[in-house]
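Here is my note on the disulfides in this structure. Please read it with the sequence and the model side by side.

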Amino acid sequence: MRNISTLLSLATIVVACSIIYNTEKVSGQCGGSVPALISECGQYVQKSGPKVPPSAECCSELLKLDVPCACNFVTKDVVNLISVPKALFIAHYCGMKLTPGMQCGAIKIPPNY
């Protein structure tokens with residue numbers, strides 16, 4: 001049950017995130033390992049529960065991803081499956097640099113990011 005919840009929750013983070021639908025395409029074009037990203041970070045972007053700082057392993061996997069590239073695969077369906085504020089929190093916590101106002105698929109990075 002936890003694995004299914006994790007998979008649907010991350011569905012693809014900011015990060016990232018049309019991962020469920022485009023796993024091979026995202027991994028092939030944008031670096032990183034989508035299955036590893038889902039496994040390590042999925043629990044941190046679930047819609048329910050509080051924001052929780054991600055693990056070092058999650059950050060390590062997230063930082064392997066070329067975010068501007070992955071943003072091309074983020075759809076509204078993906079955004080509906082994850083907590084966007086949590087995804088942005090995790091990206092920021094892990095030291096990922098996202099430009100305020102940047103469009104990431106169906107997500108616009110807020111000015112106060």
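1. A disulfide (a pair of cysteine sulfur atoms within 2.5 Å) joins Cys 59 to Cys 94, with an S to S distance of 2.0 Å. The torsion about this S-S bond is about -75 degrees, so the link is left-handed. Cys 59 sits in helix α4 and Cys 94 in the loop between α7 (84-93) and β1 (103-104), so the pair ties together parts that are 35 residues apart in sequence. Helices (H or I, at least four residues) and strands (E, at least two) are DSSP runs, numbered from the N terminus.

2. The model is predicted: local features need pLDDT of at least 70, side-chain atom pairs count only at pLDDT 80 or more, and totals for chains, interfaces and linings use all residues. Residues are numbered from 1 along each chain as its sequence is written, and side-chain values use heavy atoms, with hydrogens and water left out.

3. Cys 59 counts as buried because its relative accessibility is 11%; for Cys 94, also buried, the value is 9%. Buried means under 20% relative accessible area, exposed over 50%, and partly exposed in between (1.4 Å probe, protein chains only).

4. Cys 41 and Cys 58 form a disulfide, with sulfur atoms 2.1 Å apart. This pair links distant parts of the chain, 17 residues apart: Cys 41 in helix α3 (residues 34-41) and Cys 58 in helix α4 (residues 56-62). The torsion about their S-S bond is about 115 degrees, so this disulfide is right-handed. Both Cys 41 and Cys 58 are buried.

5. How many disulfides are there by this rule? The count is three.
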